[in-house]
Amino acid sequence: MRANKATRREFLVGLGGAALGISLSGVTGLLTAHSQEKPSVPELPWPYVKLDPVAAAERAYEAYYKGGCMFGVFEGIVGELRAKVGAPFTALPTQFAIYGKAGVAGWGTLCGALNGAAAAIYLVTSPADGDRIIDEIYSWYCQRSLPDYKPKSPKFPIAPSVSGSPLCHVSVTRWCEATGFKALSPERSERCAWLTASVAKYTVEQLNKYFDKAFAVAHPIPKDVTSCLACHGKGGVKENVHMSKAVSCTQCHFSLGTKHP
């Protein structure tokens, strides 16, 4: 009897060890297989389909009042791609773009609408081609009287103005000077919502042209900028500035002195 009990005990212990070995080997196999899986998010650029510019503008206008100008443009474009394409755009939390509101957290630097446009462009194009499209959109923004898109359900009538700059601070200030509204007024906020819609619309138009192989520069760098860069740009006799592609140099450097060329 004692020998039988010992045998039974040894059998149960051995069975438990075998089960544990099978369990651990199974877990190890799963971890190894998981580590060898390819990332679920593909590399850039992501797929693009032609979008309705007005649909993107309307989505951007609504999104502006949820997270500001950068989020508005980014969600306006990526939200349409999310609806049309699905993955991988469904995995992208566009709320991160809220940081760009009012020139990055209220600092008045790069206009958030332009920031959002550039981010969306880089998702679906190569960096080299993306830069060409960004150049066009930024130059258009500086030269055109904006906003040029009226939302379907606006809160106020909004007059346009020419910013001459991609900076939030300058863009808002120029509009306030042109219209008489205060910078923190609800009318100014509505103006930026219209502007957000305008930038989203123009960006989609340019992306559509690019993927149709019909993209062309419509707003080149102003001549007064290129003339200044002849001396101050790369290879110039006084190469001491970072290139500004679309902003007139005399916007800030309006007192150059009599000895300046």
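A cavity is a set of points, on a 1 Å grid over the protein atoms alone, where a 1.4 Å probe fits but cannot get out; lining residues have an atom within 4 Å of a point. This is a predicted model, in which local features need pLDDT of at least 70, side-chain atom pairs count only at pLDDT 80 or more, and totals for linings use all residues. Residues are numbered from 1 along each chain as its sequence is written.

**View 1. Cavities in the predicted model.** The whole structure holds two cavities of 30 Å³ or more. A volume is the space filled by probe spheres set on the points, with grid points joined across faces, edges and corners.

**View 2. Lining of the largest cavity.** Helix H6 contributes the most, with four residues, and H3, helix H5 (168–179) and H6 each supply at least two.

**View 3. Lining of the second largest cavity.** About 30 Å³ of space lies here. Among the lining residues are Arg144, Leu146, Ser161 and Val162.

View 4. Helices are DSSP runs (H or I, at least four residues), numbered from the N terminus. Because 11 of its 13 residues are buried, H3 is largely enclosed by the rest of the structure; buried means under 20% relative accessible area (1.4 Å probe, protein chains only). The cover over these buried residues includes helix H2 (53–84), helix H4 (127–143) and helix H6 (186–211).

**View 5. Glu80 in helix H2.** Glu80 lies in helix H2 and counts as buried at 9% relative accessibility. Beyond four places in sequence, Glu80 touches Leu51, Ala55, Ala56, Arg59 and Glu75, contact being heavy atoms within 4.5 Å.

Conventions. Heavy atoms only, no water. Buried < 20%, exposed > 50% of the residue type's maximum accessible area, 1.4 Å probe, protein only. 1 Å grid on protein atoms, 1.4 Å probe; cavity = no way out; pocket = protein on both sides within 12 Å on 5 of 7 lines; lining within 4 Å.
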